[in-house]
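Reader: I have just opened this model and would like to understand the words used for its side chains. Could you walk me through them?

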Amino acid sequence: MFYDYYNYHFWGMDLIWWVIWCIVIFWIFATPYDIPGQRKKKDSPLDLLKKRYASGEIKTEEYQEKKKILED
């Protein structure tokens, strides 16, 4: 019996390959940001301020003023 190629092979690829490609594409776009070596989310202004304060670039008074501004 003759089977139509497109009915059983899904445009030239078996069903398993479509499933594999869907999983790979989902994995690329849905990976969380905190995996090392992957995309990183940008720091918020408050995070940047905390880093500057921790490194000693700004004094406590300036940190408190700017933190209050950012939180309001």
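Author: Gladly! This is a predicted model, where local features need pLDDT of at least 70 and side-chain atom pairs count only at pLDDT 80 or more, while totals for chains, interfaces and linings use all residues. Residues are numbered from 1 along each chain as its sequence is written, and side-chain values use heavy atoms, with hydrogens and water left out.

Reader: What makes the pair of Tyr 53 and Tyr 63 stacked?

Author: The structure holds 1 aromatic pair. Rings of Phe, Tyr and Trp (its six-membered ring) pair if their centres lie within 6.5 Å; planes under 30 degrees apart count as stacked, over 60 as edge-to-face and the rest as tilted. The centres of Tyr 53 and Tyr 63 are 4.3 Å apart and the planes meet at 15°, so this pair is stacked.

Reader: Which parts does the pair tie together?

Author: Tyr 53 belongs to helix 3 (residues 45–55) and Tyr 63 to helix 4 (residues 60–71), so the pair links parts that are 10 residues apart in sequence. Helices (H or I, at least four residues) are DSSP runs, numbered from the N terminus.

Reader: Is Tyr 63 buried or exposed?

Author: Buried means under 20% relative accessible area, exposed over 50%, and partly exposed in between (1.4 Å probe, protein chains only). Tyr 63 has 9%, so Tyr 63 counts as buried. Tyr 53 has 31%, so Tyr 53 is partly exposed.

Reader: What about Lys 66 and Glu 62: what separates them in helix 4?

Author: Lys 66 and Glu 62 are 4 residues apart in helix 4, so about one helical turn separates them. Their closest N and O atoms are 2.9 Å apart, in a salt bridge. Lys 66 is partly exposed at 30%, and Glu 62 is partly exposed at 29%.

Key: Helix = DSSP H or I, 4+ residues; strand = E, 2+ residues; numbered from the N terminus. Salt bridge = Lys/Arg side-chain N within 4 Å of Asp/Glu carboxyl O.
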